[in-house]
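Here is a walk through one protein model, charge by charge and strand by strand. Keep the structure open while you read.

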Amino acid sequence: LLEDSEPMNVSREHLLIGSEGGAFYILDRGSTCGTIVEGEMLGDGSAIRQAPLEDHDVIIVGTSLSRYIFKFRLDF
C-alpha cells in the first residue's frame with residue numbers, strides 16, 4: 001500500500017510489465033511523471049513508452065526523486 005502523505009509521482013495505472021516470446025518488457029501506461037529504466041525515461045512526454053527488461057535492470061517509478069525503486073530479477 002502506497003501512502004498518500006506526500007506527493008507520490010506515481011499514477012494509479014502507472015506501468016505494465018509483460019512478456020512476449022520469452023522476453024520481458026516494461027510499458028509506461030501514460031503516467032504523468034514517467035518511468036525510468038536503467039537511466040532511460042519512458043513516458044512523461046517522451047516518444048518512448050516501452051523498453052525491453054533484462055535481469056537486474058533498475059526501475060524507478062516516477063521522477064528521479066522517487067523513493068519507489070525496484071530491481072527486475074529473473075529467477076528460474
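Start with R73, which counts as partly exposed at 45% relative accessibility. The model is a predicted one. R73 meets the side chain of D55 in a salt bridge, with 3.7 Å from N to O. D55 sits in the loop between β5 and β6 (58-61), while R73 sits in the segment after β7 (69-71), so the pair ties together parts 18 residues apart in sequence. D55 is partly exposed too, with a relative accessible area of 35%.

R73 has another partner. D75 forms a salt bridge with R73, and their closest N and O atoms are 3.5 Å apart. D75 is exposed, with a relative accessible area of 61%. Through shared partners, salt bridges join D55, R73 and D75 into one network.

How many salt bridges does the structure hold? There are three. One of them joins the side chains of E13 and R29, at 3.5 Å from N to O. This pair links distant parts of the chain: E13 lies in the segment before β1, R29 in the loop between β2 and β3 (35-37), and they are 16 residues apart. E13 is exposed, with a relative accessible area of 53%. R29 is partly exposed, at 43%.

Now turn to D28. It lies in strand β2, which spans residues 23-28. D28 is buried, yet it has no salt bridge.

What does the side chain of D28 meet instead? It makes a polar contact with the side chain of T35, at 2.7 Å. A polar atom of the D28 side chain also lies 3.1 Å from the backbone nitrogen of G30. Leaving aside residues up to four places away in sequence, D28 touches H14, L15, G34, T35, L42, G43 and R49.

Step back to the strands. An open sheet of three strands runs in the order β1-β2-β5, with antiparallel pairing. Its edge strands are β1 (15-20) and β5 (50-53), each pairing on one side only. Neighbouring strands of this sheet are turned by 30° against each other on average, direction ignored.

Terms used. Residues are numbered from 1 along each chain as its sequence is written. This is a predicted model: local features need pLDDT of at least 70, side-chain atom pairs count only at pLDDT 80 or more; totals for chains, interfaces and linings use all residues. Side-chain values use heavy atoms; hydrogens and water are left out. Helices (H or I, at least four residues) and strands (E, at least two) are DSSP runs, numbered from the N terminus. Buried means under 20% relative accessible area, exposed over 50%, partly exposed in between (1.4 Å probe, protein chains only). Lys and Arg count as positive and Asp and Glu as negative; His and the chain ends are not counted. A salt bridge is a side-chain nitrogen of Lys or Arg within 4 Å of a carboxyl oxygen of Asp or Glu. A polar contact is a pair of N or O atoms within 3.5 Å; within protein, one must be able to donate a hydrogen and the other to accept it, and residues adjacent in sequence count only if both atoms are side-chain atoms. Contact means heavy atoms within 4.5 Å. Two strands pair if DSSP finds at least two bridges between them. Axes are lines fitted to C-alpha atoms, for helices over the stretch in contact, and angles run from 0 to 180 degrees between N-to-C directions.
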